[in-house]
Amino acid sequence: MGATPSIPDSIDVEEITNNTGLSKKQISSLWTRFYELDRDGRGDTKGYKGYLDAVDLNRVPKFDENPMAPRLIKVILDDFGSDARLTFPQFVYFMSTFGQCERGGHEHRHHHHHHHSHSKRQSSIPATTSNSASQFVTKSPLENVKYSPDDTPKTRKVKFMFRMYDIDRDGRLSKEDVQETLKMMVGKISDEEASIIAEKVIAEFTDDQLNSKVSLETFETTLKTLDFNDKMGLKLLK
């Protein structure tokens with residue numbers, strides 16, 4: 001097996017530290033996890049490609065047992081990666097928000113940095129909206145759910161969760177979105193059963209208004225009644 005090689009010089013650890021608030025020790029630990037998942041085309045031996053794809057992510061222990069894993073992997077790669085690949089900086093950025101990493105004594109400062117770097121190194125930050133303050137009322141539903149440089153980690157988690165369920169990516173949760181999610185989660189469920197459950201779910205969010213769609217604002221307000229931080233700390237790669 002051998003020891004994990006050190007982080008390549010082509011990866012700017014200082015930039016990742018500034019963007020995520022994680023310590024270099026934490027980043028080094030994440031590099032070990034990244035390298036262990038990064039396999040060559042055969043999938044049977046470690047062979048550094050420099051990115052993770054859907055096959056790599058599906059090797060996360062017990063991940064393949066989760067019926068929502070394909071959807072989760074798709075959203076991770078779509079939202080945090082590029083071209084269905086997740087580079088190490090992108091991996092660290094995702095894990096710093098969702099992997100229950102305690103920030104290494106740094107304030108969350110990445111929103112002051114990532115619009116100013118256009119070097120050959122791939123940015124650790126996914127595409128974002130403008131860095132004006134997030135105001136639901138001034139943006140379209142689709143703009144609301146895009147990640148913004150000004151998002152707090154909690155807001156980013158809410159958006160990620162919302163985007164998991166927003167199957168058609170229109171910025172609103174519909175009965176059809178919930179139905180498709182139920183089919184992924186449950187597997188063997190009839191369209192009629194899924195429809196009934198989906199209607200009830202949407203009704204919970206919209207105070208029983210028929211044919212309503214759930215906005216990000218409504219979704220976030222409803223989540224405030226839950227033990228949010230515990231539920232959204234994705235125990236990936238622990």
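Predicted model: local features only at pLDDT ≥ 70, side-chain atom pairs only at ≥ 80, totals over all residues.

Biologist: What is the mean pLDDT of the protein?

Modeller: pLDDT is the predictor's confidence in each residue, from 0 to 100. The mean for the protein is 78, and 73% of its residues reach 70 or more. Helices (H or I, at least four residues) and strands (E, at least two) are DSSP runs, numbered from the N terminus.

Biologist: Where does pLDDT stay under 50?

Modeller: One such stretch is residues 105-136, for which the model has 78 contacts beyond four places in sequence; contact means heavy atoms within 4.5 Å. Residues 232-238 are also below 50, with 25 contacts in the model beyond near neighbours in sequence.

Biologist: Why is Trp31 called buried?

Modeller: Because buried means under 20% relative accessible area, exposed over 50%, and partly exposed in between (1.4 Å probe, protein chains only). Trp31 has a relative accessible area of 3%, so Trp31 is buried. Phe88, with 1%, is therefore buried as well.

Biologist: What makes Trp31 and Phe88 an edge-to-face pair?

Modeller: A pair of aromatic rings is described by the distance of the centres and the angle of the planes. Rings of Phe, Tyr and Trp (its six-membered ring) pair if their centres lie within 6.5 Å; planes under 30 degrees apart count as stacked, over 60 as edge-to-face and the rest as tilted. The centres of Trp31 and Phe88 are 5.1 Å apart and their planes are at 90 degrees, so the pair is edge-to-face. Trp31 sits in helix H2 and Phe88 in helix H5, 57 residues apart, and the pair links these distant parts of the chain.

Biologist: Which residues do ring pairs link into a cluster?

Modeller: The cluster holds Trp31, Phe34, Tyr35, Phe88 and Phe91. In the whole structure, a search finds 14 aromatic pairs.

Biologist: What makes a group of residues a nonpolar core?

Modeller: It is a set of buried Ala, Val, Leu, Ile, Met, Phe, Trp, Tyr and Cys residues joined through side-chain atoms within 4.5 Å. The largest one here has 34 residues, and those with the most contacts inside it are Ile27, Phe80, Phe88, Phe91, Val92 and Phe160. Helices H1 (13-20), H2 (24-37), H4 (69-80), H5 (88-98) and H7 (153-165) each supply at least two residues of this core. Apart from it lies another core, of 14 residues, including Phe162 and Leu182.

Biologist: How do you know that Leu182 is buried?

Modeller: Its relative accessibility is 14%, so Leu182 counts as buried. Leu182 lies in helix H8. Leaving aside neighbours within four places in sequence, Leu182 is in contact with Gly187, Ile189, Ala194, Ile197 and Ala198.

Biologist: Is Asp83 buried or exposed?

Modeller: Asp83 has 74% relative accessibility, so it counts as exposed. Asp83 is in the loop between H4 and E2, and has a positive phi of about 55 degrees although it is not a glycine. Arg169 also has a positive phi, near 55 degrees; at 26% relative accessibility, Arg169 therefore counts as partly exposed.

Biologist: What span is expected for helix H9?

Modeller: The expected span is 1.5 Å times one less than the number of residues. Helix H9 (residues 191-206) has 16 residues and reaches 22 Å from its first C-alpha to its last, close to the 22 Å expected. What covers the buried residues of H9 includes H8 and helix H10 (216-223).

Terms used:
Residues numbered from 1 in each chain as written. Heavy atoms only, no water.
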